[in-house]
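Dear colleague,

Please find below the structure that I am handing over to you. My findings follow directly after it.

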Amino acid sequence: MSVREPEFAIADSCFLIDWARFRHRDVLFKLFRTVFVPEAVLREVKSESTLAWIASNLAKGHLALYTETSEVVSEATDIVENSRRTQHLVAVELPEAICLVVGRRRGYVVLTENRGLILYSRTSSKYEDVVIWRALEIIAMAILRRFLRVDCNDLEARFREYEEDTKHLFPRRDLARVVGILGSELCGLR
């Protein structure tokens with residue numbers, strides 16, 4: 001996990017739906033100048049509270065709509081088709097694939113919780129360099145950058161809050177790895 005400071009991100013619906021429920025959700029806008037939301041992603045969101053959060057942050061300029069070009073949609077369709085041809089992969093849907101394409105083309109961090117998209121990016125030489133952050137990495141980065149406070153005696157507190165707010169559980173191995181990094185970086189723990 002690098003502490004570089006990206007300016008822009010692009011988010012898919014699974015990320016936005018969960019993130020909008022998190023009590024510290026506005027920390028996202030301390031990490032990124034703008035988070036883009038593809039129109040195809042916005043069409044997937046049905047929750048009124050999530051839509052209200054998105055609309056409010058579109059108005060504030062924290063979020064911005066991303067209109068997909070035909071070239072982006074064509075490349076994203078290739079990802080969808082390839083993910084469905086490969087038996088060991090979880091199928092990727094078009095809105096998430098659009099995020100991956102834009103992430104590669106524009107250098108944006110892709111915000112997702114979609115396991116299929118993450119696995120696809122790891123197995124494709126064309127997309128392996130795209131930076132993908134889940135809520136786990138965003139919370140960790142916010143802690144490292146000191147946008148979220150943490151107690152060295154309870155490094156998992158912010159992650160537990162996210163799990164309580166969203167009912168989304170982090171993979172335990174990934175959480176342990178991130179907590180280990182935080183302990184080492186912030187608290188001098190080995």
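Helices α8 and α10 are roughly parallel to each other, a term that covers angles under 35 degrees. In this predicted model, the axes of α8 (residues 135-144) and α10 (residues 172-187) come within 11 Å and cross at roughly 10°. Axes are lines fitted to C-alpha atoms, for helices over the stretch in contact, with angles from 0 to 180 degrees between N-to-C directions. Helices are DSSP runs of H or I with at least four residues, and strands are runs of E with at least two, numbered from the N terminus.

Contact here means heavy atoms within 4.5 Å. On the α8 side, L136, E137, A140, I143 and L144 take part, meeting residues of α10 that include L175, V178 and L182.

Helix α8 is largely enclosed by the rest of the structure, because 10 of its 10 residues are buried (under 20% relative accessible area with a 1.4 Å probe, protein chains only; exposed is over 50%, partly exposed in between). Its cover includes β4 (109-111), α9 (157-166) and α10.

One disulfide was found in the whole structure, the criterion being two cysteine sulfur atoms within 2.5 Å. The disulfide joins C152 to C187, with an S to S distance of 1.8 Å. C152 lies in the loop between α8 and α9 and C187 in α10, so the pair ties together parts 35 residues apart in sequence.

Residues are numbered from 1 along each chain as its sequence is written. Local features need pLDDT of at least 70, side-chain atom pairs count only at pLDDT 80 or more, totals for chains, interfaces and linings use all residues, and side-chain values use heavy atoms, leaving out hydrogens and water.

With kind regards

Methods: Parallel < 35°, antiparallel > 145°, perpendicular 65-115°, else oblique.
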